[in-house]
Amino acid sequence: MLKATLLKAAGSPTLQRQVTRNPLARRVAARFIAGATLDHALAVTRELNARGMAVALDHLGENTESEAQAREAAAAYLVALDRITEDGLDANISVKLTALGLDLSPALALEEASRVAARAKEAGAMLGVDMESSAYTDRTLQAVRALKDSYDTVGVCLQAYLYRTPADLERLNRWQVPVRLVKGAYMEPPELAYPAKRDVDRAYARLLEPLFKANPYPMVATHDPDLIRLAKAVAARLGRDRGSFEFQMLYGVRRDLQAQVVREGYRLRLYVPYGSQWYPYFMRRLAERPANLYFFLTQLARR
Ligand code: FDA
């Protein structure tokens, strides 16, 4: 119930204005967001690289409403890729196709994504495509299929909570597209997605086998210690080399677990968001864990 309310609030422009102006909200959000600028994000990347962690940079923004905004979003990624190369950082990038204009036209989003994919390929970095709500799943996978024809450095996210995901994973394995597996962060109807967390966790566990068996580069993106343990076991049983897959976690979430995975000698990449459009991302992080909301509200009440 609380989760659904927060996810609904993530789409409210009025709340967005109020929350992003609130200094306390900005302070709490800073736990999950590297900063407002690329320079902030690169400083965080340098620090994480020094601690043995790779990075996926996410220039915050989604559901852009004009072609100019979509082109600006793509341009921001081109600059980020140039800086990653110049500074010799261990980082790639992650994009949302609605930031590149998917709501306006799939052709525009594909054109902009291709520009970014071309630069990512030059930089030797993967272009990770985030998965948004189920309204975009088909269009996202179609774009990824088209990108894959020209760029072998494109990967995509799949969400375990969707009933369709086993079939999508099979297709992506056939296309040899690297897959980042997550539980799923949007509000979805019970016709399309498991409503109960327990069922989502089980669905995630079942997907690990086909992921490690047939995917060229599995990316296990979760902070769930049971699933991380299971993924390690499946990888070992199937004889996967530790360099042929990676774990991924979000900047600011479960730092203890992040350090542990690195200590054990596994590859770990942190998803590092930056930029001024942090509101929907922040609300999804609150929705994932009521304790975050509690912390935010107690800080507000203390004022
Ligand atoms: P779960 O929610 O069960 O959490 C496990 C434990 O992690 C919790 O008990 C808690 O300790 C900790 N934790 C989890 N979330 C927390 C939070 N917000 N604050 C504090 N602690 C928290 N989703 C999507 O729909 N599309 C996408 O493209 C992506 N991309 C993506 C990339 C990466 C690298 C990650 C790690 C995640 C995503 N996600 C995503 C988000 C994903 O769908 C999911 O909502 C979160 O990862 C939370 O689920 P967990 O798997 O961590 O499990």
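Which helices and strands each supply at least two residues of the lining of the largest pocket? I will answer that after a word on the model.

The model is a predicted one, in which local features need pLDDT of at least 70 and side-chain atom pairs count only at pLDDT 80 or more, while totals for chains, interfaces and linings use all residues. Residues are numbered from 1 along each chain as its sequence is written, and side-chain values use heavy atoms, with hydrogens and water left out.

To the question, then. The elements are α1 (2–9), β4, β5, α9 (197–214), β7, α12 and α13 (290–302); helices (H or I, at least four residues) and strands (E, at least two) are DSSP runs, numbered from the N terminus. Among them, α12 gives the most, with six residues. A pocket here is an open set of points on a 1 Å grid over the protein atoms alone, with protein on both sides within 12 Å along at least five of seven lines; a cavity is a set of points where a 1.4 Å probe fits but cannot get out, and lining residues have an atom within 4 Å of a point.

The largest pocket holds about 1400 Å³ of space, a volume being the space filled by probe spheres set on the points, which are joined across faces, edges and corners. It is lined by 50 residues, and Lys3, Lys183, Gly184, Ala185 and Glu288 are the closest to its centre. By class, the lining comprises 30 nonpolar, six polar and 14 charged residues; Ala, Val, Leu, Ile, Met, Phe, Trp, Tyr, Cys and Pro count as nonpolar, Asp, Glu, Lys and Arg as charged, and the others, Gly among them, as polar.

I turn to the ligand. The space that the ligand takes is the largest pocket, where sitting in a pocket requires more than half of a molecule's atoms to lie within 2 Å of its grid points. The ligand is surrounded by 27 residues, of which Lys183, Lys197, Thr222, His223 and Glu288 are the closest; a residue is near if one of its heavy atoms lies within 4 Å. This shell divides into 11 nonpolar, six polar and 10 charged residues. Strand β7 (246–250), one of the elements that supply at least two residues of the shell, contributes the largest share, three residues.

An oxygen atom of the ligand lies 2.5 Å from a side-chain N or O atom of lysine 197, and an oxygen atom of the ligand lies 2.6 Å from a side-chain N or O atom of threonine 222. At arginine 285, a polar backbone atom is 3.0 Å from a nitrogen atom of the ligand. Taken alone, the ligand exposes 920 Å², of which the protein buries 89%; these areas come from the Shrake-Rupley method with a 1.4 Å probe.

The second largest pocket contains about 780 Å³ of space. Its lining has 26 residues, with Gly61, Glu62, Asn63, Thr64 and Pro280 nearest its centre, and α5 provides the largest share, three residues.

Finally, the cavities. How many cavities of 30 Å³ or more are there? The count is two.

Methods:
Polar contact = N/O pair within 3.5 Å; in protein donor to acceptor, adjacent residues only side chain to side chain.
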